[in-house]
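Reader: Could you take a close look at one part of this model, the packing around its main nonpolar core, and describe how the helices there meet?

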Amino acid sequence: MRSRLLWSGFFASLTVVTAALVWISQTVLELESAERDLVRQSESNRLALWRMDSFLVPLIARESGRSASAYRLRSEPTEFVKLRFEFRQENKYLCVLPNAPKSDTAEIPDVLCEAVESKDFLEQIQNQSPNEFAVRDEEPPLPQQFENAPPEPLLGQANTSYQQLAAQEVTRNQNEFRKRSQNVLQSNSTIMPPAMRSPEQSPEDLEILGPMQGVWQDGLLLLVRPVSGGGAQFVQGCWLDWEAIRTQMLDDIRDLLPSAELVPSRTAEDGLQLAALPLRLTPGLPPTEILPVWTPLRVSLLIAWGCWLVAAIAVGWVLYCAIRLSERRGAFVSAVTHELRTPLTTFRLYTEMLVDGMVPSDEKRQHYLQTLRVEAERLGHLVENVLSYARLENTRRPDAVEEISVEDFLLRLQSTLQERAVRSDRRLVFLPYSEPLHISADAAAVERILFNLVDNACKYGGDAMNSQIEISARRDGHHVVIAVRDYGPGVSRRQVGRLFRPFSKSASEAAHSAPGVGLGLALSKRLARRMGGDLRCDQSVDQGACFQLTLPRSTATVRD
């Protein structure tokens, strides 16, 4: 139950922190994309505005450079200019020829006559200051592709940093608009030098009162300027070919803003107005641009996620190890308590009987003493395994490796192993070797491993018909394999996974199985691996259990 609570708390915390990191990553990536789009859109807008104003400035400067008397001469239409006119409000005098009567307005389209004969047209032109453009009629509706255009990325969201950036861009656009307006004013104010003026003089003393400026009049785009002469003020101007100008300018910026549009302008609040004419740029959607895969921000996020993943795995692993250690300690305490209680009870009972003289015969007394000796060895073996495992856990010092002859080593251990087998009514058999074998290992560690294997074969061999325990050795490449086999009930595949876990035997298992705490095989495997070898259970045998200890051959033997 305790481990379940710990795991539940861990996964709940992991879920919360992961969700927070996902939200932060998504927000940061959206901000990066929005900032990049804003910067790219702003740069494209500014460059497009400069291109269009640069296109219009020569056209407006050329018309501004015409003398007032030149507007009294008939002139053919030029590119982007349909015709030029002069208008006097007091007698509604509209002409394209010097001193032409009103009847000559028949040569001028009716739509222009209706536009410039508005009663407040002259007053409007005379009173407005430079760069204060008026739109006389309603703005044309936006093209369909702009009606449902999505808003600027994240502009409606409550993101302070992005809103500040957008406000800074608007201010920057307004500053750019003022600079472009000053350049256009300087160009439009340039009057043609005297040598380039028409030699024909007007009977009136004409004076240009201001530069050419664009206005919208009843849906027509006009360039007009106030002029005085003969004691009166009137207007000279030209009718611009709006569709041709619009098409040309949009073609010039198609590489920057493929879906841009130009519309009449009312205000100059966002700085997207042209300085030369009362037009506003509607940028539309910018060209699609694929972000680089490895931007600095994405690399930082990847590193952060990598660190988070490593931290989560580390914390989970530490928690798993801590829970396993706690469970193993509990199982160890339970198993050791049972293993200690049984021999201690035997010690107490037999020693009391011997001390109180309750064992009269020498034969029984000898039997009791032999039993006490076996129990003492059992306790010593248990304590030695526990101490060896503790030393193995607490030190990383390499073992004292030496060259050992397998034949001599097994011969030296034969009596000890044979004595352990005899106590369990087993028969130990050493199978012959096909060739001399030498290993590089720690002799004490190998002795403990083999003793543990023989001890397990004696304890778990059961009542098999064949009581034989076989020890064999063979060469396997650069290793030597020492096998210990019994002919008991064997080990099931389900049990193999638990065999080499330390303290894997619970108290109930210890009470209903052979003596031991489940530490011998775990200790033996770790000792074998520490010497560069391994210990495994061979599942290929048909009967009984076979454990194979693999150890490296000595370097001298390998060279031979």
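Author: A nonpolar core is here a set of buried Ala, Val, Leu, Ile, Met, Phe, Trp, Tyr and Cys residues joined through side-chain atoms within 4.5 Å, where buried means under 20% relative accessible area, exposed over 50% and partly exposed in between, with a 1.4 Å probe and protein chains only. The model is predicted, and local features need pLDDT of at least 70, side-chain atom pairs count only at pLDDT 80 or more, and totals for chains, interfaces and linings use all residues. Residues are numbered from 1 along each chain as its sequence is written, and side-chain values use heavy atoms, with hydrogens and water left out.

The largest nonpolar core has 42 residues, of which L450, F547 and L549 touch the most other members. Helix α10 (residues 443-460) supplies the largest share of this core, nine residues; helices (H or I, at least four residues) and strands (E, at least two) are DSSP runs numbered from the N terminus. Once its neighbours within four places in sequence are set aside, L450 is in contact (heavy atoms within 4.5 Å) with F409, L410, L413, L417, I482, V484 and L549. A second, separate core of 30 residues includes L59, V81, M212 and L257.

Helix α9 (residues 406-423) and α10 have axes that come within 10 Å and cross at roughly 30°; axes are lines fitted to C-alpha atoms, for helices over the stretch in contact, and angles run from 0 to 180 degrees between N-to-C directions. That angle makes α9 roughly parallel to α10, since angles under 35 degrees count as roughly parallel, over 145 as roughly antiparallel, 65 to 115 as roughly perpendicular and the rest as oblique. The crossing of α9 past α10 is right-handed, a crossing being left-handed if the near helix is turned anticlockwise from the far one by less than a right angle, and right-handed if clockwise. On the α9 side the contact is made by F409, L410, R412, L413, T416, L417, R420 and A421, and on the α10 side by A443, V446, E447, L450, F451, V454, D455, C458 and K459. These residues divide into 11 nonpolar, one polar and five charged, where Ala, Val, Leu, Ile, Met, Phe, Trp, Tyr, Cys and Pro count as nonpolar, Asp, Glu, Lys and Arg as charged, and the others, Gly among them, as polar.

Helix α10 also packs with helix α13 (residues 520-530), at an angle of about 150° and with the axes 9 Å apart, which makes α10 roughly antiparallel to α13. In this pair α10 passes α13 in a left-handed crossing. The residues that meet are A445, R448, I449, N452, L453 and N456 of α10 and G520, L521, L523, S524, L527 and A528 of α13, and they divide into seven nonpolar, four polar and one charged.

P502 belongs to the loop between α11 (493-499) and α12 (507-511), and at 7% relative accessibility P502 counts as buried.

As for the chain as a whole, 41% of its 560 residues count as buried, and the chain has 14 helices and 15 strands. Among contacts with a separation of 6 or more, 71% are between residues 24 or more positions apart.
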